[in-house]
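Subject: Model for your files

Hello,

Here is the structure you will be working with. My notes follow it.

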Amino acid sequence: MMSKNKIVLAEDNSTLSLLLKFRLEKEGYELLMAVDGKEAVDLIESQSPDLVITDIMMPFISGLEVISHVRNKLALEIPIIVFSSAGQEEMVLKAFSLGANDFMGKPFSPNELVIRVKRLLG
Amino acid sequence: MIDYQYFIDHFEEFPFLVQLVWRISVVLFLTIILLTIYLKVIRYHLRKKENEYKTFKKEYEALLVEYLYADKENEQISNEQQSIILKIKTHIPIKYKRKMVISVLYNLMNEVSGEMADSIKTLYYQTGLIDYALTRLKNKNWFVIAKGIGELRRFKVEEAHDEVAKFIKHPKNEVRKETQLYLVNLFRFEGLSFLNELKTPLSEWAQLQLLEVLQKFDDQQICDIKPWLKSKNDTVVLFALKLAQIYNQFEVKDILIELLSHKEKEIRICVIEVLTNLYGIEAKEMLKTNFNQLSIEEQLSFFKLLENLVDPSDETFIEQHLFHKNFEIQLLALKILKTINIDKFLSLNKLRSNKEVPEMYKFANNS
Amino acid sequence: MDSSTLDIILKIIHYLFFAYAFSAIGSYIILSIISGKETIDYLKRKSFVNYKDILSSTMAPTITIIAPAYNESLNVVENVRSLLSNHYVNYNVIIVNDGSKDDSLEKLIAAYDLDKVDYIINEKIKTKPLRSGVFKSKNPAFEKLMVVDKENGGKADALNMGLNISTSKYVACIDVDCLLIEDALQKMIKPFLEVTDAKVIATGGVIRIANSCVINGGKLIDVNLPKSLLLQSQILEYLRAFLLGRMAWSRLNGLLVISGAFGVFDKKIAIDVGGYDTNTVGEDMEIIVRMRRYMEEQGRKYKVSYIPDPLCWTEAPDNYKIFISQRNRWTRGTIETLRKHRKIGFNPKYGSFGLLSYPYWLIFERLAPIIEVVGLLYFAVLIILKEVRWEYALSFLVLAYLFSVLFSIAALYSEELTFHQYKKKGTGYKLVLLSALEPFVLHPFILYAAIRGNIDYYFNKKKKWGEMQRKGLTGKEA
């Protein structure tokens, strides 16, 4: 059997991350949780995940910096999905220019996220 | 015993003032001891509460996630969900647990859409949390009322409209603000009708919050903003100007032109911005003719916008202001000239004698 | 005959000292009560504010963080990161490298992919010129950052450079070695946007002591009470000053000082008054006094606001030598500011500013150490003359001591019931014990430093600014 795809999920809202963790684990992924950008970067470096999902506005290291770190410093091509809130359109554009693959505006539906994850890992 | 008696005798020989000071000192000393002990108690409770907070938060989060994934296609509320509701219901009479449930629910409500958000709202109703919020509206303390309104807004309880709307003229600013937010959050542009009669100032903070709320809606069908632009309340005018710009209100042009002579400078500056954003060239020509009557701030505001609207016909106008006394306007004039007539811009270099200008020129040239 | 005249003179002196001591204690009691009221009000208001609405708003006003840096090579990279991760959309950061002799600039260039950009400065306030120039990052993730390298001119000059460059409506002036909590800007900007019946010209923040706290990658992970008695006492002193004193003065709209380590200003007014004064060691107090004076003279209604939340953490001096030189500088700063603006004092034209805040600062802050020393000397003379009436002296000494302990405890209560930062078991007991010890372990040094400050101010004008050596934010306590 193939090993599970690993996903790093960086999100500082604990309830939302729990909800998404459950949902994605049900789909057969292995979830690595980070509460801020720094943890996310550490996890990406140590666990070499297959996908990164990150919120844009996070304590300490922002989602943008996470993307920049993955693409520039680590030179990884793994897909990245970003979450953004209303009013952060500009940041989303920056995220794309830094190399993000997809974005989801909050509020969003977890099912929709699953579809996008599947597409990127498919 | 003898020593004690001796002390008392001695004490009574002291002057009255000294006696008084010692008495106060003893009281202070005892107060300090009591406060120290009580501080320990407080700290103990705070620590305990914090630990409990963490455990309960985890518990409620898990319950909520379980609840959300337990819905069945054809049932409104599945049995599993019903049992979770009952479980939470037993916790909420305790104030701090109730607070925590609410914060967990709300934190998620904001982040997920559609059915899941509805599902959370159902939970809010079914557990009876809504009743606590409604009772708050009847409280005497303004901040309890404000909190209650805030909660009803977050969980989008439309039924409370009549109850909440009563507070729109409450003497406390915070209560009014929460009421305004509630109305706009639930009834969108219709909720803005309170602006018609608003006598009190609408702070910039409140304006930002309202705009944030409005921008979250997909339906951007705005109502008539003309009455607000004509309002006697300057803050309402400013707010309406922001609406005009965000929602491209072309039909208010005449009022905007009238507002150019409004007594408040802040409003005039804002009008210039809106006008040039909405009408571009047409507004530009008008403002160009009036330029010299404007204050420096208004002139600057116009020049900033001119940067994006400029065409070769503006050259004479720009040239007139290449030596404007305001640094920023001067710099903008240079930059604009460079975009419309590079040859003239380059020839300027030779004409300059002012010591500072070449620096500015160089900068405009490189940027 | 002779002895009765002496008696009368002595009596008058006694009464003067009494009057001073009692009005001081009285003012503390009143300020504590006012601060209690203000704190409760603040918490009530805060309890239902949702800052999240503002943090992502693109319509929110622009803020520039201006952080002067001088030889901060050790931590500058880390600290800039903390400044860049604030939760607010419309803000940028200007690091003004004030002629550092170390490799701060090189480190910043390497860490943030900086590139030199052409820049022209509108010199609204005269400053020292640029040195290497202005730098911006090539990486969009650091788009908010700008580094300005200029020739050395001191902190005030560096801040003025930042004021010239900033294009924002508001500026947050901060020490580069400060650690800012993520929601600092949202909270500090609120008063500017919320107050409608007066113009808010500045908002002051609280400074908390970061020594011994665990900081990882620019983020405050764990708050600890340092082991050193000097640091512990300063923590207590800060709690008293910020939670009791400033809170009360903010309610009275009488704040004369915003800590230089963290304050937000309305940029236009800061520039209109001419920016920071480069000729004083107390530029942080001076600018507030000048801005207030300007508003009073223009007849505009204004307010200096204050946010008590623990938003800014910084290193405090951990040895007595540096501590004394820091306080010496503060004393000189206060004297300079009060002297420069003495026109305001007791002048009804300046309203409560001239009749209440200024006199209070003059009498209970500026003159307190001098009066205390005079009192001590006088007491010594009395001992020599065997004129001391010990039953009075002793009782009043005990009373004064107990009062000072009580005020510290009041501050501790204020802290526990509001922000409760020192959560660890056993810390409460230590802090109470400290309240009892502080009059002996800290106060004599403060007094000494203040007297030295006075002497330096009047007799040693060339005294160089005490340069505060700082241990790195990430450095462990020795």
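Which residues in helix 3 of chain B are buried? They are B:Gln81, B:Ile84 and B:Ile88, where buried means that 20 or more other C-beta atoms lie within 10 Å of the residue's own, exposed means 12 or fewer, and partly exposed is in between, with C-beta atoms placed from the backbone.

Before the rest, some conventions. This is a predicted model, in which local features need pLDDT of at least 70 and side-chain atom pairs count only at pLDDT 80 or more, while totals for chains, interfaces and linings use all residues. Residues are numbered from 1 along each chain as its sequence is written, and chains are lettered from A and ligands numbered from 1 in the order in which they are written. Helices are DSSP runs (H or I, at least four residues), numbered from the N terminus.

Helix 3 of chain B

Seen down the helix axis, the buried residues of helix 3 of chain B fall within an arc of 60°, so they line one face; the arc is that of the directions from the axis to the C-beta atoms. They pack against helix 2 (16-69) and helix 4 (95-109) of chain B. B:Asn79, B:Leu86 and B:Thr90 are exposed on the other side.

Helices 14 and 15 of chain B

The axes of helix 14 (residues 265-279) and helix 15 (residues 281-290) of chain B come within 6 Å and cross at roughly 140°. The axes are lines fitted to C-alpha atoms over the stretch in contact, with angles from 0 to 180 degrees between N-to-C directions. That makes the pair oblique (under 35 degrees is roughly parallel, over 145 roughly antiparallel, 65 to 115 roughly perpendicular, the rest oblique).

Chain C against chain B

In total, 36 residues of chain C are in contact with 41 residues of chain B (contact: C-beta atoms, placed from the backbone, within 7 Å). Helix 13 of chain C gives the largest share of the chain C side, 14 residues.

B:Val21 sits in helix 2 of chain B and counts as buried because it has 21 C-beta neighbours inside 10 Å. Leaving aside residues up to four places away in sequence, B:Val21 touches C:Ser395, C:Phe396 and C:Leu399. B:Val21 and B:Thr55 are 34 residues apart in sequence and 50 Å apart in space, C-alpha to C-alpha.

Regards

How values were computed:
Helix = DSSP H or I, 4+ residues; strand = E, 2+ residues; numbered from the N terminus. Contact = placed C-beta atoms within 7 Å.
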